[in-house]
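Here's a quick tour for anyone meeting this protein for the first time. Take a look at the sequence and the model, then read on.

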Amino acid sequence: MYPVIVRLGPVAILTHDVCVAAGIAVAALVFLWEVRRRRAQDDRLWYVLAGALVGGALFARLGTWAQHLDPRDNASLLEQWAYGNRSILSGLVGAYVGAIVAKKVSGYPWRTGDLFAPAVAAGMAVGRVGCLLAEPPGTPTGLPWGITLDAAQAEAMHTPAGVPLHPSFAYEILFHAVAFGALLALRRKVTAPGALFKIYLAAYAAFRFMVEFVRGNEVVWAGLTRPQLFLLACLPLIVAGIIKDLVRQKETVAA
């Protein structure tokens, strides 16, 4: 794999970091495009966007903090944020919380989820390229598109050498690319405020739950990984929110 793009003396330019930055830039551009398309221009939206970015950055490293039931076995929050692994799921939670806080502080009264939905999908499709190039691919597979690592790459990533592995991040890139197109197609049909974003989150939660079986993450309980347990708790809440929004949309149309 290719974890480093180039080295400038002692400084390594990491593939993952460059792709994440590119994903954030793409997401911001799509967000601004959607704001103009919906004619939702409001200076307070800059605060909402900033809140989402800051919240996502702060929470992204905290998602893998509580790995042990005894808090004493976990790193401190400061150590976790400085050195811990990033989690896209906790990053999404942080972005959601950050946007809510920014709306409260700035006084922006309208829902913003539908502005963010295509932007998040596009940004994720780009950002996950860094994961594909720099992180362990997944579990062994007999499928023809498996990724095979040489001995040095396999040792660095603690995966089997010479064995085809599921390109789990390629699956995610494909999902988010398709989701981006689907969101663009649905935005004129799903008009209940916030419903479009929740549909995207529900679809991603269901997809991510399934792809975890080939990601190779640590199984912690009942054959499930930590992300799967988190998604099991969140998915029913998201689906309930979608149903509520669509019922409200139907009642509005009928009235």
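## Salt bridges

Across the whole structure, a search turns up 9 salt bridges, each one being a side-chain nitrogen of Lys or Arg within 4 Å of a carboxyl oxygen of Asp or Glu. Keep in mind that this is a predicted model, where local features need pLDDT of at least 70, side-chain atom pairs count only at pLDDT 80 or more, and totals for chains, interfaces and linings use all residues. Residues are numbered from 1 along each chain as its sequence is written, and side-chain values use heavy atoms, with hydrogens and water left out.

One of the bridges pairs arginine 44 with aspartate 42, with 2.8 Å between the closest N and O atoms. Arginine 44 has a relative accessible area of 28%, so it's partly exposed, and aspartate 42, at 22%, is partly exposed too. For reference, buried means under 20% relative accessible area, exposed means over 50%, and partly exposed is in between (1.4 Å probe, protein chains only).

## A buried network

Next up is arginine 128, which bridges to glutamate 172, the closest N and O atoms being 3.2 Å apart. Arginine 128 sits in helix H5 (residues 113-134) and glutamate 172 in helix H7 (residues 168-186), so this pair ties together parts that are 44 residues apart in sequence. Arginine 128 counts as buried because its relative accessibility is 9%, and glutamate 172 is buried at 0%.

Glutamate 212 and arginine 215 make another bridge, with their closest N and O atoms 3.8 Å apart. Glutamate 212 is buried, with a relative accessible area of 2%, and arginine 215 is buried at 12%. Shared partners join Arg128, Glu172, Arg208, Glu212 and Arg215 into one network of salt bridges.

## The overall layout

The protein has 9 helices and 4 strands, taken as DSSP runs numbered from the N terminus (helices are H or I with at least four residues, strands are E with at least two). Starting at the N terminus, the elements run β-β-α-α-α-α-α-α-α-α-β-β-α. Of the 255 residues, 39% are buried.

Valine 101 is in helix H4. How exposed is valine 101? Its relative accessible area is 45%, so valine 101 is partly exposed.

Histidine 158 isn't a glycine, yet it has a positive phi of about 55 degrees. You'll find histidine 158 in the loop between helix H6 (151-157) and H7, and it's exposed, with a relative accessible area of 74%.

Alanine 222 also has a positive phi, near 55 degrees, in a residue other than glycine. Its place is the loop between strand E3 (219-221) and strand E4 (224-225). Alanine 222 is exposed, with a relative accessible area of 60%.
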